[in-house]
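Work through the exercises below with the model open. Each task is followed by a stepwise solution.

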Amino acid sequence: MSYGVSAALQAAVYQALLADGPLTGLVGSDIYDALPSGTLPSLYVALGPEMVTDLSDKTGSGASHRFIISIVTDSAGFATAKDAAGAVSDALVDADLTLARGVLVALNFLRAKAVRVGTADERRIDMTFRAIVQDD
């Protein structure tokens, strides 16, 4: 198994989101790998947990990375969050990302879960993506 591509994949996903015009038109630069301290913006995107499974065989090292990207808003209703989630999906699905280490073979959307957080107006959409990578 190779977990060595994980950091390169995360960096490429983060940069792809920051560079996406439609997404930044909705959330600006409020795309986080780690949440900042203090008051958060009313709409933001955050990279979340990752689960990795070995896909290595006798031809080389590889892995399946399932990772979550969350869209969070304090707006009433889900419309704003769903617009941002759509932009995230458009930016990542089948993206041709160049990794600092390894090669991205495929990047697909798997599922999403939209929830109301607590009793306030906060809404969150957790989107799960799967990336298949090979390690050089």
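**Exercise 1.** Which residue is the bridge partner of Asp54 in β3?

Solution. The model is predicted: local features need pLDDT of at least 70, side-chain atom pairs count only at pLDDT 80 or more, and totals for chains, interfaces and linings use all residues. Residues are numbered from 1 along each chain as its sequence is written, and side-chain values use heavy atoms, without hydrogens and water.
- Step 1. Strands are DSSP E runs of at least two residues, helices H or I runs of at least four, numbered from the N terminus.
- Step 2. Asp54 has Ala63 as its bridge partner in β3.
- Step 3. β2 and β3 pair in the antiparallel sense, over 10 bridges; pairing takes at least two DSSP bridges.

**Exercise 2.** State the strand order of the open sheet and name its edge strands.

Solution.
- Step 1. Five strands run in the order β1-β2-β3-β5-β4, with mixed pairing.
- Step 2. β1 (31-32) and β4 each pair on one side only, as edge strands.

**Exercise 3.** Which residues touch the most other members of the largest nonpolar core?

Solution.
- Step 1. Such a core joins buried (under 20% relative accessible area, 1.4 Å probe, protein chains only) Ala, Val, Leu, Ile, Met, Phe, Trp, Tyr and Cys residues through side-chain atoms within 4.5 Å.
- Step 2. Leu17, Val88 and Leu92 touch the most other members among its 34 residues.
- Step 3. α3 (79-92) is among the elements giving two or more residues; its seven are the largest share.
- Step 4. Beyond four places in sequence, Leu92 is in contact with residues including Val13, Leu17 and Phe129 (heavy atoms within 4.5 Å).

Note on methods:
Buried means under 20% relative accessible area, exposed over 50%, partly exposed in between (1.4 Å probe, protein chains only).
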